[in-house]
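The entries follow the order in which I checked them.

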Amino acid sequence: MLEHARQILMPATRSDVPPFMVMDVIAAATRAEAAGHRIIHMEVGQPAAPAPRTAIEAARRALDGPLRYTEALGIASLRARIARHYAESCGIELDPARVIVTTGSSAGFILAFLALFEPGDRVGIANPGYPPYRHILKALGCEPVLIETNAASRWAVTPEAVLAAHRKAPLAGLLVASPANPTGTMMTAQALAALVATAEEAGIAFISDEIYHGLDYAFAAQSALRLSQRALVINSFSKYFCMTGWRIGWMVAPEPLVRPIERLQGNLAISVPTLSQIAAEAAFAGRAEMEAVKHGYEDNRRILLDALPKAGLDRFLPVDGAFYLYADVSRFCDDSLAFATRMLEEAHVAATPGIDFDPVNGRRFLRFCYAGSQDEMREAVARIGRWLR
Ligand SMILES: Cc1ncc(COP(=O)(O)O)c(C=O)c1O
């Protein structure tokens with residue numbers, strides 16, 4: 001009987017995705033805090049600031065209302081507001097009918113992959129990259145194809161590398177992010193245009209994860225929407241608008257995919273949380289507040305760029321956007337997980353080992369998130385400097 005129950009409850013192989021190692025770092029940091037240490041958190045990739053005041057007030061007002069399901073594609077006024085955001089921020093005229101509201105960009109990936117790919121399809125993603133890309137693809141029966149990046153291309157996927165992977169066995173899709181996680185690097189407008197053109201010529205669907213748009217410091221991030229009507233763009237209120245816990249994002253889909261995605265979302269989720277949709281629409285009126293938050297990240301970036309090399313960490317990738325610095329620590333240790341563990345225990349600074357993001361070379365790297373305060377950045381660098389000496 002027991003054996004029978006065990007067989008029935010055997011998890012399906014598609015559920016066998018690796019955990020996010022950063023969770024272990026967070027747990028260790030929490031234990032160290034419980035033991036009385038003051039930890040500087042640079043491991044979690046999320047803003048310290050709350051959502052814009054305008055969003056919070058709109059949500060408070062909405063709480064008294066009925067908060068029913070919405071249309072599967074999202075509240076019409078929010079979709080129109082998102083479309084207007086493209087006109088205001090980068091001069092792109094966009095039909096609101098192509099805007100789909102999602103439960104964070106995370107749900108956007110599931111919808112996009114289901115709408116675009118068949119089981120067994122190969123989808124190219126950058127290595128290093130955001131781990132859930134490959135885990136969601138695997139859970140949906142697709143094959144993530146890691147495309148290696150290097151310094152010569154500013155750590156971006158190149159047309160040559162995509163075509164090489166495509167020659168081995170055809171790719172059905174390509175997913176890139178700029179600014180990227182974990183590296184914080186960005187593709188130039190020219191590099192992105194070349195990649196989109198290559199994918200389209202080869203018949204590869206192009207997905208652009210633009211979740212870190214708005215958080216660009218080295219040069220302006222380019223939206224794939226400017227380059228192609230066929231690209232599928234995924235975005236979120238989590239990062240620029242500091243709304244991670246509200247679980248709200250959006251996608252801009254090519255017209256033929258809108259109805260299939262509407263059917264999927266209607267079945268998978270009915271609709272996105274109504275309270276978060278109302279808050280998200282109001283968030284756009286809080287852009288001045290969010291720009292001030294962004295200036296804080298810019299200050300943090302300057303502090304790290306100036307002081308980290310003096311503290312001993314002098315090898316890192318270009319610190320272009322998002323709020324990440326990806327440092328090569330192989331000079332000190334051949335296992336960045338061990339390095340991160342010791343740094344947490346002895347310097348009380350938490351950062352994320354690269355193995356989460358890069359199964360090939362991640363043991364050489366550590367990701368620092370600089371979304372905290374300027375005082376925390378200065379203190380972190382001082383602690384790391386003392387610890388490395
Ligand atoms: C590159 C990238 N894409 C997507 C996400 C998912 O964000 P959310 O589901 O909160 O929109 C994250 C979260 O850290 C990320 O770093």
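How many cavities of 30 Å³ or more does a search of the whole structure find? I ran the search and it found two. The model is predicted, so I kept to its cut-offs: local features need pLDDT of at least 70, side-chain atom pairs count only at pLDDT 80 or more, and totals for chains, interfaces and linings use all residues. Residues are numbered from 1 along each chain as its sequence is written, and side-chain values use heavy atoms, with hydrogens and water left out.

**Terms for spaces**

I worked on a 1 Å grid over the protein atoms alone, where a cavity is a set of points where a 1.4 Å probe fits but cannot get out. A pocket is an open set with protein on both sides within 12 Å along at least five of seven lines, and lining residues have an atom within 4 Å of a point. Grid points are joined across faces, edges and corners, and a volume is the space filled by probe spheres set on the points. Helices (H or I, at least four residues) and strands (E, at least two) are DSSP runs, numbered from the N terminus. For classes, I counted Ala, Val, Leu, Ile, Met, Phe, Trp, Tyr, Cys and Pro as nonpolar, Asp, Glu, Lys and Arg as charged, and the others, Gly among them, as polar.

I noted a volume of about 180 Å³ for the largest cavity. It has 19 lining residues, and Ala 126, Pro 128, Trp 155, Ala 177 and Ala 180 are the closest to its centre. Strand β5 (residues 173-177) gives the most to this lining, with three residues.

I sorted the lining of the second largest cavity into three nonpolar, four polar and two charged residues.

Next I turned to the open spaces. The largest pocket has about 570 Å³ of space. I found 31 residues in its lining, with Phe 20, Gly 45, Ser 106, Tyr 130 and Lys 239 nearest its centre. α2 (22-34), α5 and α6 (131-139) are the elements that give two or more residues to this lining, and α5 gives the most, with four. The class count for the largest pocket is 16 nonpolar, nine polar and six charged.

For the second largest pocket I noted a volume of about 410 Å³. It is lined by 22 residues, and those nearest its centre are His 85, Ser 89, Cys 90, His 213 and Gly 214. The elements giving two or more residues here are α4 (76-90), β7 (232-236) and α11 (287-311). α4 gives the most to the lining of the second largest pocket, with four residues.

**Ligand**

Where does the ligand sit? I placed it in the largest pocket, where sitting in a space requires more than half of the molecule's atoms to lie within 2 Å of the grid points. Around the ligand I listed 14 residues, of which Ser 106, Asn 181, Asp 209, Ser 236 and Ser 238 come nearest; near means a heavy atom within 4 Å. Helix α5 (residues 104-116) supplies the largest share of this shell, four residues. The shell has five nonpolar, six polar and three charged residues.

A polar side-chain atom of Ser 106 lies 2.5 Å from a ligand oxygen atom, and a backbone N or O atom of Ser 105 lies 2.7 Å from a ligand oxygen atom. For Arg 247, a polar side-chain atom is 2.8 Å from an oxygen atom of the ligand. Taken alone, the ligand exposes 400 Å², and the protein buries 92% of that; areas come from the Shrake-Rupley method with a 1.4 Å probe.

**Backbone**

Which peptide bond has omega of about -5 degrees? I found that the cis bond joining Ser 178 and Pro 179 has this value. The bond from Asn 181 to Pro 182 is cis, with omega near 15 degrees. I located Pro 179 in the loop between β5 and α8 (189-201), and Pro 182 is found in the loop between β5 and α8.

Last, I noted that Arg 154, although not a glycine, has a positive phi of about 55 degrees. Arg 154 lies in the loop between β4 (143-148) and α7 (159-168).

Terms used:
A polar contact is a pair of N or O atoms within 3.5 Å; within protein, one must be able to donate a hydrogen and the other to accept it, and residues adjacent in sequence count only if both atoms are side-chain atoms.
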